[in-house]
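Work through each task with the structure at hand before reading its solution.

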Amino acid sequence: MSDYTRVMLHFSRRRKRYAVALILLTADLESFRSAYAQDASYEHSLHNHHHTTGKQTGATKTIAKPVEHDEMEGMYHGGARATDAEEVNVKGTHVPPIRRAAARLLSIPGGTSVVDSKMVLKQRNATAADLLSYQPGVYAQAPAGSDDIRLSIRGSGLQVGSNATRAGIIVLFDDLPATTPIGSFNELLEPLGTNYTEILRGGNGFDRGSLQLGGLINYHTFTGYDAKTFQGRVEAGSFGYVKEQLSSGHVFGKSDYYISVTNSYRSGYQEQTKSTAFGINFNYGYRFNDFVDTRFFFRYRQTYEGNPYYLTRAQIRENPKQAQAPYNTWGTYTIEPGTKYFGNRTTIRIDDNSRLMIGATYIDAPMNHQLGNTASIYDNFYLSGVVRYLRNDKIFDHKSDTTLGVYATGDLPGSQFYNVVRRAAAYPTIPLGTLLNRQKLGGSSTVFHVSNNTEIFKNFWLTAGGALSYDPRSGSVRYPVVNHFSTHPLNFAPRGGFRYQITPDIRLYGNVSRSVQSAQDWQFLSGSRYTTGPATGMTEGWQKLEPQTATTFEVGTEGTWRGQHWSLSYYHSAVHNELLQVVTPVSQLYNSAVFSNASRTTHQGVEAGVTGTLYKWNGGDITYMQSYTYSDFRYNHDAVFGHNRLPGVPVHYYQGEVHADFKNGFYTTFDVEAASSITASYDNKAKTAPYHIYSYTLGYLWPKKSRRVYLQLHNLANKHYAMGVVPVYTATNGDAAAEMPGDGFGVFAGVDIGFN
């Protein structure tokens, strides 16, 4: 136990006098974990102490919102510390949800991080790639500034190019499922309206139901307890970019709400990359009592995104603004005409030692891909559910925590996709819009998981767990021929690990886990092609795809020393049946790809992050953030490619930032992003050029007020570079049309105003 003592002042409204409370608090790791490791029911019960109501007549009146801190002072610069136990809510003190989230992650023996949206909002916040920057192990890029981000953690999603859904990572919204058998829908990943984001890399998402190689990302929306009553934000700048947000959050009695409305437009840096979007993010919560609360969620987003396809390295060097021929004259684009997400999360605090969370979501996500010779139209309907039970016990006087849960998701009847004639030049005798083929999808994923953390001796914990994954997939071609496939894989995924809190500020950890990932349901349609009739060239047959499995071990450390926070992880994954894709000229023409299982592969890498303070003076400081990821993904002994690298992400990826805050409210930021070459072909003959780009931001934040203006200069040297690739099989003369360019030099400005 520490002898840390804090004196807190509490203003008593009823007696109108100051009272001084002297609080002695315990600072060992588990008192910290116990103080914060609560689900939403407990958090809302804490919020109840912040929102006292006086004697009322008529409508409910809320006296006060949670205690607010200066926005810059409240920024989250590092990981959780055991000594943060003193931050527990006492007499009006408000602990930000991000601090509670960071504390919850302390119980995980592996690489995790939390993103504070306040840190992101100091600059442009256009896509989820902006939100996920500076995170060790995370490679997130936005081709052409679109929502179809290129996202990979530990080599996940290498088989997915610039598609409308992400694979290899489970996505949650406020602890509720957002990943379905078709993947995670990009358009729902709007960053504005997000309070904080948890990233659990690799097997560290196990307790939330993730068995994916990349792990889990959990977006937490603002609620009425955390948001300003009114907030407005406008961003604008180069490439015709404009983005607007209006939001509001409030508490009234036992209820609260938050709503965010966003609208954006971008004419594009590259030809044929115009994009527009409109979205709504709403939630409403009701706390029945200190033990039970419920919250309803609704998200809606419609988007339009031009598609320029891919360039060669030579084309990017000469003119990265061009689109690929002949698609540059075809007007290729994708519309998500209105994706709807409904969810409910109910939390029950059974007693002081056990909690239950039950949730369900429904997603309706139509898509219209106007690409190539044909248009691909998807009708997607999904129902998902999650149950988590958490219990704290003592076994022979040793602390022990147990988690049981279920993550389930499945296609609903009516999920299908079909192709129609789009280009008259390709089908001169067939009217536009004529049906060429139609397929029906049916699949689900269910994960049952249980794990236990037990303190073997002081501050040394062992973790053990296991999960069953059942991932049936099926599909039917209904027109112009009839065929069917189905598969019903069942897999067991164990997990074990340890964590040792050497001091209240430094910990070591290690784990071994098993990942299981079945192909997205639409990827199975990757077999033979029609050779006669109007559908010639399109895919007819189903490909047999085995689930991708991997055994991963990880060791690492995290801690804080003299105000500098670090995290460092090394992982090694032995992957079987890795799901890989290749784009061919024919598949691109019909908006498809070729998928298959690879021979044995290995993923290994290092994930490192350092944040801290370089210098302080009266009323100001200079801080920094650095993130470095080393990724070594290879074939083991492939009959064709030997030990070649797998294409998809750079071997070395670095992001660094130096940030200065001044007493008068001005702040300035200098950013660096650097990447080594990205392999673009399986024969390793095509590679992107390595790059480094620099950006600069100057801003002003009104002291003690939520008002901000900023000016950002992106890619100061106007570097021509590729920020992502879509793999091809082999290169021609050492080059291939597989690269997606990043933005050139741009100027952006923003205004953000909030008040209660």
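A hairpin of two residues joins β18 to β19. The model is predicted, so local features require pLDDT of at least 70 and side-chain atom pairs pLDDT 80 or more, while totals for chains, interfaces and linings use all residues. Residues are numbered from 1 along each chain, and side-chain values use heavy atoms, without hydrogens and water.

**Exercise 1.** Determine how many bridges join β18 to β19, and in which direction the two strands run.

*Solution.* Strands here are DSSP runs of E of at least two residues, numbered from the N terminus, and two of them pair if DSSP finds at least two bridges between them. Eleven bridges join β18 to β19 (residues 354-364), and the strands run antiparallel. Within this pairing, N344 stands opposite A360.

**Exercise 2.** Identify which residue of β18 stands opposite D293.

*Solution.* Strand β17 (residues 292-306) is joined to β18 (residues 333-351) by 14 bridges, in antiparallel fashion. D293 stands opposite T347.

**Exercise 3.** Classify the aromatic pair of F298 and F342.

*Solution.* Rings of Phe, Tyr and Trp (its six-membered ring) pair if their centres lie within 6.5 Å; planes under 30 degrees apart are stacked, over 60 edge-to-face, and the rest tilted. The structure holds 35 such pairs. F298 and F342 are 5.1 Å apart centre to centre, with 45 degrees between the planes, and are tilted. F298 lies in β17 and F342 in β18, so the pair ties together parts 44 residues apart in sequence.

Terms used:
Helices (H or I, at least four residues) and strands (E, at least two) are DSSP runs, numbered from the N terminus.
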